[in-house]
Amino acid sequence: MLPAITLHDDRHTPPRGSSFKRLSSVRFENCRLPQNEQRSGLNFQDLMARQGAIDSPPKTPFIMGSECAGDIEQVGEGVENFKVGDRVVALPDHKAWAELVAVPATSVFALPAGMSYLDAAAITMNYTVAYILLFELANLTPGKSLLLHSVGGGVGQAVVQLAKTVKDVTIFGVCSKSKHEALKAAGTIDQLLERGTDYCNEVRKISPEGVDIVLDCLCGEECNKGYALLKPMGKYILYGSSNVVTGETKSFFSAARSWWQVDKVSPIKLFDENKTLSGLNLRHLMYQHGSHAYVRRAVERVFALWNEGKIKPVVDSTWALEDVPEAMQKMHDRKNIGKIVLDPSLEPKPKPATPAKGKAKDKKAANQESQDKKASSVESEDGEKKKEPELTNGTSEDKSDSDSKEKESS
Ligand SMILES: NC(=O)c1ccc[n+]([C@@H]2O[C@H](COP(=O)([O-])OP(=O)(O)OC[C@H]3O[C@@H](n4cnc5c(N)ncnc54)[C@H](OP(=O)(O)O)[C@@H]3O)[C@@H](O)[C@H]2O)c1
């Protein structure tokens with residue numbers, strides 16, 4: 001089997017080094033590392049896929065990932081626009097985090113000369129989404145104002161850069177407080193607002209009439225707040241449902257609440273209020289609606305902007321493939337600023353040593369014996385057996401370690 005990052009339905013034995021508990025687990029499937037220079041993007045969608053929180057998730061085990069860049073090793077019959085050795089980026093429907101990735105040619109894009117695989121993996125998904133949001137759906141023009149959630153993330157940073165290619169655009173960016181200092185230093189966001197606060201009120205203090213564009217990747221109660229913030233002729237666009245992710249496992253309650261909180265808006269209300277609602281789901285656009293030509297045009301526009309030097313991806317960090325649980329944990333913990341990229345040429349960070357198998361067994365047996373003794377004494381004193389405390393997967397050490405060990409991208 002070739003090396004790949006595979007999601008298993010492994011509820012009872014979480015992988016070592018991951019604090020995702022009772023969750024389908026991510027494993028590196030082979031000890032041989034890919035030899036070539038490929039890179040893969042880690043997207044929020046991968047967190048959702050890991051929880052089974054996307055629609056029609058593949059059956060486990062399946063290879064994860066939806067974005068990778070590398071060179072072509074083989075072309076299928078009838079494929080004429082690509083040849084072996086071409087440098088490309090691909091947006092497959094899963095199965096991207098592997099040494100070899102089979103992708104329909106419609107989801108493969110030739111890289112412009114000089115674009116590294118790192119840049120390709122950091123740009124393609126995020127900037128294509130951002131481009132369609134701003135220039136196809138929102139019709140961003142000079143002087144407009146826009147509100148954006150998760151402004152420090154991969155798509156968020158792409159939106160900021162693309163929006164700033166238009167004159168006099170005002171950006172209200174909402175994100176976790178911990179990112180404000182770094183984002184303020186970058187100086188590209190006009191007004192930074194804190195996630196979880198009454199950000200609508202803050203926007204109205206600065207712009208009493210509201211904003212022209214709301215880009216919402218959270219869903220749930222943010223939908224109604226975003227719609228209410230629109231000026232006449234304003235556009236609200238839903239492009240994600242991050243609010244569905246509340247813990248480390250899929251929550252049916254969060255999904256139901258998120259759906260329930262959204263007001264069902266009638267076209268008559270839109271007509272009366274001069275507002276527009278739209279949505280974007282790139283995965284559906286490519287894999288359900290077959291709009292490959294549309295997406296290709298957007299990718300080509302993005303690559304042209306890169307060629308012109310108008311965009312430059314913000315890379316949060318790069319990680320070895322084996323460290324994908326820690327990389328995902330960082331995103332889950334809301335700590336990334338920009339894109340997280342997987343780099344198979346990196347060495348995995350050292351994991352805490354585990355006792356040798358035989359010794360571990362002996363220790364386990366000894367522990368069991370002493371627990372049995374304790375349990376029987378408790379039973380005889382109380383007249384009933386006390387429940388053992390639940391064991392948790394202790395990884396706080398790993399987590400703090402992961403931040404210091406990751407290789408920061410230059
Ligand atoms: N429509 C599409 O085709 C499409 C394509 C790509 C991405 N997206 C959507 O765009 C959004 C951003 O995607 P991305 O890949 O660039 O990821 P990202 O923004 O880099 O994701 C990580 C950030 O999301 C924020 N976040 C919001 N809710 C969260 C939650 N429940 N748990 C953890 N973090 C949460 C956190 O930032 P703060 O705490 O600072 O908010 C976190 O740092 C996602 O909603 C994603 O689904 C949509």
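In the predicted model, L42 has I340 of strand β15 as its bridge partner. This pair belongs to the contact between β3, which spans residues 39–42, and β15, which spans residues 339–342. The two strands run in the antiparallel sense and are joined over three bridges.

Strands β3 and β15 are part of an open sheet of six strands, in which the pairing is mixed. The strand order is β7-β6-β5-β3-β15-β14, so β3 lies between β5 and β15, and β15 between β3 and β14. The edges are formed by β7 (108–110) and β14 (315–319). Each of these edge strands has a single partner strand, and one side of each is therefore left without a neighbour in the sheet. On average, neighbouring strands of the sheet are turned by 25° against each other, direction ignored.

A helix pair was also examined. Two packed helices are described by the angle between their axes and by the distance between the axes. For helix α2 (residues 117–137) and helix α3 (residues 154–163), the axes come within 8 Å and cross at roughly 50°.

On the α2 side, the contact is made by N126, Y127, V129, A130, Y131, L133 and L134. Helix α3 contributes G154, V155, A158, V159, L162 and A163. By class, eleven residues of this contact are nonpolar and two are polar, while no charged residues take part.

Note on methods: Residues numbered from 1 in each chain as written. Predicted model: local features only at pLDDT ≥ 70, side-chain atom pairs only at ≥ 80, totals over all residues. Pairing = 2+ DSSP bridges. Helix = DSSP H or I, 4+ residues; strand = E, 2+ residues; numbered from the N terminus. Axes fitted to C-alpha atoms, helices over the stretch in contact; angles between N-to-C directions. Contact = placed C-beta atoms within 7 Å. Nonpolar A, V, L, I, M, F, W, Y, C, P; charged D, E, K, R; others polar.
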